[in-house]
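Hello,

Here is the structure I said I would pass on. My notes on the fold follow below it.

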Amino acid sequence: MQKKNAKPYWLMPGITTGLVEEYLYSMLPPRDEVLEEIEAEATKRKIPIVGPAVGRILHQLALMIGAKTVFEMGSAVGYSTIWWARAVGDGGRVFYTDGDRKNAEEARRYFDRAGVSSRITIKTGDALELLSEQTQEFDVIFNDVDKDDYPRVFRLAVPRLRKGGLFITDNVLWSGRVAQKKSDKTTKAILEFNRLLYSSTELFTTILPIRDGVAVAIKK
């Protein structure tokens, strides 16, 4: 049983100060029943989700560019997928990807309850392979796969993004480990990825220091 007032698993403190973090989350309006249920399940079962503050950022960014096509790399139980699907509106299309069929089936049930199933294409398998099969350009590509694969994702994603489209990536500050002198393999992959983002002549990039760090890159 989840402890009363248990700290949400999707909160990842350490980037902003604790008091500021608490303030940011205290300001958020309540979510609907489906999103709040996923948040509770994520805390209870330690499911990786972006949480409501980042979910709002994703939704807002999609609205800002009028996004209609989103390719999501690493969707878990579909929490962020719902934020995307609501942003693209009727006629929009979000590609959900995850390697675990159980995750996909759980996500499908949430999509049905949230009323967004008609906007989502569910694909199971390796997200990098699934993206490599795509021939269309996307308005948004969201990267939240295994961190060791981030440099490979960069090389796959940028050519499949339209001009003016957004390449958005979660966990780019990696609980602050990117700023430490000693780096493990995963941290080195994130450091390389961040370097690729900022050195690219095709992208203009900003890292938002919220939760675990969100990189937002627009294709020129």
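**The sheet and what packs on it**

The model is predicted. Its 7 strands make up an open sheet with mixed pairing, in the order 3-2-1-4-5-7-6. Strand 3 (120-124) and strand 6 (203-208) are the edge strands, each pairing on one side only. From one strand to the next, the twist averages 15°.

Strand 1 (residues 69-73) pairs with strand 4 (residues 138-143) in the parallel sense, over 4 bridges. Within this part of the sheet, V70 stands opposite V140 in strand 4. As background, strands of a sheet pair through backbone hydrogen bonds, either parallel or antiparallel.

Helix 3 (residues 51-64) lies across strand 4, strand 5 (161-170), strand 6 and strand 7 (214-219), and runs at about 180° to strand 5. Helix 8 (residues 185-199) also lies across strand 4, strand 5, strand 6 and strand 7; helix 8 runs at about 135° to strand 6.

**The chain as a whole**

In total the chain has 8 helices and 7 strands. Its radius of gyration is 17 Å, close to the 17 Å that the globule rule gives for 220 residues, so the chain is as compact as a globular protein of that length. The C-alpha trace spans about 50 × 45 × 30 Å along its principal axes.

Of the 220 residues, 54% count as buried. The chain exposes about 10900 Å², and carbon and sulfur atoms supply 53% of that area. Among contacts with a separation of 6 or more, 69% are between residues 24 or more positions apart.

Regards

How values were computed: Residues are numbered from 1 along each chain as its sequence is written. This is a predicted model: local features need pLDDT of at least 70, side-chain atom pairs count only at pLDDT 80 or more; totals for chains, interfaces and linings use all residues. Side-chain values use heavy atoms; hydrogens and water are left out. Two strands pair if DSSP finds at least two bridges between them. Helices (H or I, at least four residues) and strands (E, at least two) are DSSP runs, numbered from the N terminus. Axes are lines fitted to C-alpha atoms, for helices over the stretch in contact, and angles run from 0 to 180 degrees between N-to-C directions. Contact means heavy atoms within 4.5 Å. The radius of gyration is taken over C-alpha atoms; the globule rule is 2.2 Å times the number of residues to the power 0.38. Buried means under 20% relative accessible area, exposed over 50%, partly exposed in between (1.4 Å probe, protein chains only). Accessible areas come from the Shrake-Rupley method with a 1.4 Å probe; for residues, only the protein chains shown count as cover.
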